[in-house]
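Dear colleague,

Please find below the structure that I am handing over to you. My findings follow directly after it, and I would be grateful if you would read them with the structure open.

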Amino acid sequence: MADDEGQEKTEEPTGKRLQKAREEGQVPRSKEMATFAVLMGGALSLLVFGADIGEDIGRIFKYSFSMSRAEIFDDNQPFIHLGNVVFEAMWALAPFMAVMVVVSVLGPTGLGGWNFAVKALAPKFNKLNPVEGIKRMFSMDSLVELVKGIGKTVVVASVAVIIFYNIIPDLLYMQSEGVEKGIRHTLEIIVWSFFFLACAMILITLIDVPFQLHSHKKKLKMTKQEVKDEFRDTEGKPEVKQKVRQVQYEMAQRRMMEDVPKADVVITNPTHFSVALKYDPDAMEAPRVLAKGTDHLALKIREIAAAHDVEIVQSPPLTRAVYYHAEVGDEIPSSLYLAVAQVLAYVFQLRRYRRGFGDKPQAMSNPDIPADMRRD
C-alpha cells in the first residue's frame, strides 16, 4: 500500500501474519542446529554401536577372504559370496544408519517444527534477477553467514588442535602395540575425536539459534498501517459489522416477540415502556423477563399481548425498574420480588374471577419500589 511507504516496521507480527508466513514456508531454521544434530547423532551412535560394528566388519573381512578353491572356480559362488557380504554389512550398519536417518529428519525441524508448505514449492523468478542476487551477496545476512563460517572454522580448528595435543601420548604408545590392538586403539581415538569435534558445534548452535529466531521475527515485523489493515480485514468493514449487528438485533426481536404470548402479565408505563413477565413455580426460582421494549416496540408488545389474552397491567415505577435492571431472559432482581409478586397475585386472582371462581379483585395500587431501583 502507498500508505506503508516510509513507515518503519516497528510492530510485532500478529498471529495471522505468523500463520500466513508459515503457510508460505517462512519458518525459522538453523543450519547449524541441523549440522550439530547429524554430527552428534553420528558420534553417539558410533560410541554405542562402534564396538559391535567393528567386530561385525572384522568378521565380514575374514569371510570375504576365506573362499575355498572349489568356491573360487565355481561361477555362481562369487556372486553368492558377494551377496552374503553385502547383506551382513547392511545388517551390521543398520543401527547406525537408523540413527542417522532419524537425526537427519529431526535436526532440521528442531527449530520451527515440521512444516509442509505447498506455496514454498512455487518457482520464484525474482531469484533469477542478477541485481537481486548481488544485493543478497552484500546483504547483512550474507555478512552474518561469513562471520559464522569464520567462527566455525576457528572453533573447530581450535578444538582439533587441543584434541591432537591430547592424543600425542596415545599415538606414540601405539608403536608398541600389536596390529589388532593398535587398530582397535586407533578406531577408539578416531571416534572420541569425532565426538569432541561434534561438541564444538554446540557453541555455534547456541549462537545461531537465537539469531535465527530474532532474524525471522524481524523480517515479519509490520508497520502500524499493516496492523490496522489486517485488523480491519479480520474484523470486517464497519458497514458490514453494522449490518450484521442489525440482522442479529432483528432476529433477537423476533424471538422475543414470539415469547410474549407465553407471558403471565405485561406491565406498562403505560405508553413508553412494556415488560412481559413469566413465572412458573415448578421451573423457575423467580419471575423471568420474556420481552421488553420502549416506544414502538413497547406498543408492539402490548398489541401481541392483547391478541393472545395476556393481562396488561399499568405500573409505571415497577415497569421502569424492571426494564433498566433486568435483561431479556434474566430473572428479576431480588429487591423487586415483592413488587412483582403483588402484580402476579392480582393477575392470578383476576384469572380465577373470570373463570367463575372467587370475587373480583380490587384495583391494584402501584407497589412500593426500593429507592435504589427507581428510574424516572
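The protein chain exposes about 25,100 Å², and carbon and sulfur atoms supply 61% of that area. Please bear in mind that this is a predicted model. Of the 376 residues of the protein chain, 30% count as buried. The chain has 13 helices and 4 strands. Taking the contacts between residues at least 6 apart in sequence, 76% join residues at least 24 apart.

I begin with a pair of helices. Helix H2 spans residues 31–64, and its axis comes within 8 Å of that of H4, the two crossing at roughly 170°. H2 and H4 are therefore roughly antiparallel to each other. The residues of the contact of H2 with H4 divide into 19 nonpolar, 8 polar and 3 charged.

Is His81 buried or exposed? With a relative accessible area of 7%, His81 is buried, because buried means under 20%. If its neighbours within four places in sequence are left aside, His81 is in contact with Tyr63, Ser64 and Met67.

The strands come next. They form an open sheet of 4 strands in the order S3-S2-S1-S4, with mixed pairing. The edge strands are S3 and S4 (311–314), each of which pairs on one side only. From one strand to the next, the twist averages 20°.

Two of the pairings can be followed residue by residue. Strand S1 (residues 265–268) pairs with S2 in the antiparallel sense over 4 bridges. Strand S2 (residues 273–278) is joined to S3 by 6 bridges, and these two strands also run antiparallel. Val275 of S2 takes part in both pairings: Val275 is the bridge partner of Ile267, and the bridge partner of Val275 in S3 is Lys292.

Although S3 is an edge strand, 5 of its 7 residues (288–294) are buried, so S3 is largely enclosed by the rest of the structure. Which helix lies across S1, S2, S3 and S4, running at about 130° to S3? That helix is H11, residues 295–307. Helix H12 (residues 316–325) packs on the sheet as well, touching S1, S2, S3 and S4, and its direction makes about 75° with that of S2.

Most residues other than glycine have a negative phi. Asp295, however, has a positive phi of about 50° although it is not a glycine. Asp295 lies in helix H11 and counts as partly exposed, at 44% relative accessibility. The second case is Asp309, where phi is near 60°, again a positive value in a residue other than glycine. Asp309 is placed in the loop between H11 and S4, and at 73% relative accessibility Asp309 counts as exposed.

In summary, the points to look at are the roughly antiparallel pair H2 and H4, the open sheet of 4 strands, the helices H11 and H12 that lie against that sheet, and the positive phi values of Asp295 and Asp309.

With kind regards

Notes: Residues are numbered from 1 along each chain as its sequence is written. This is a predicted model: local features need pLDDT of at least 70, side-chain atom pairs count only at pLDDT 80 or more; totals for chains, interfaces and linings use all residues. Side-chain values use heavy atoms; hydrogens and water are left out. Buried means under 20% relative accessible area, exposed over 50%, partly exposed in between (1.4 Å probe, protein chains only). Two strands pair if DSSP finds at least two bridges between them. Contact means heavy atoms within 4.5 Å. Axes are lines fitted to C-alpha atoms, for helices over the stretch in contact, and angles run from 0 to 180 degrees between N-to-C directions. Angles under 35 degrees count as roughly parallel, over 145 as roughly antiparallel, 65 to 115 as roughly perpendicular and the rest as oblique. Ala, Val, Leu, Ile, Met, Phe, Trp, Tyr, Cys and Pro count as nonpolar, Asp, Glu, Lys and Arg as charged, and the others, Gly among them, as polar. Accessible areas come from the Shrake-Rupley method with a 1.4 Å probe; for residues, only the protein chains shown count as cover.
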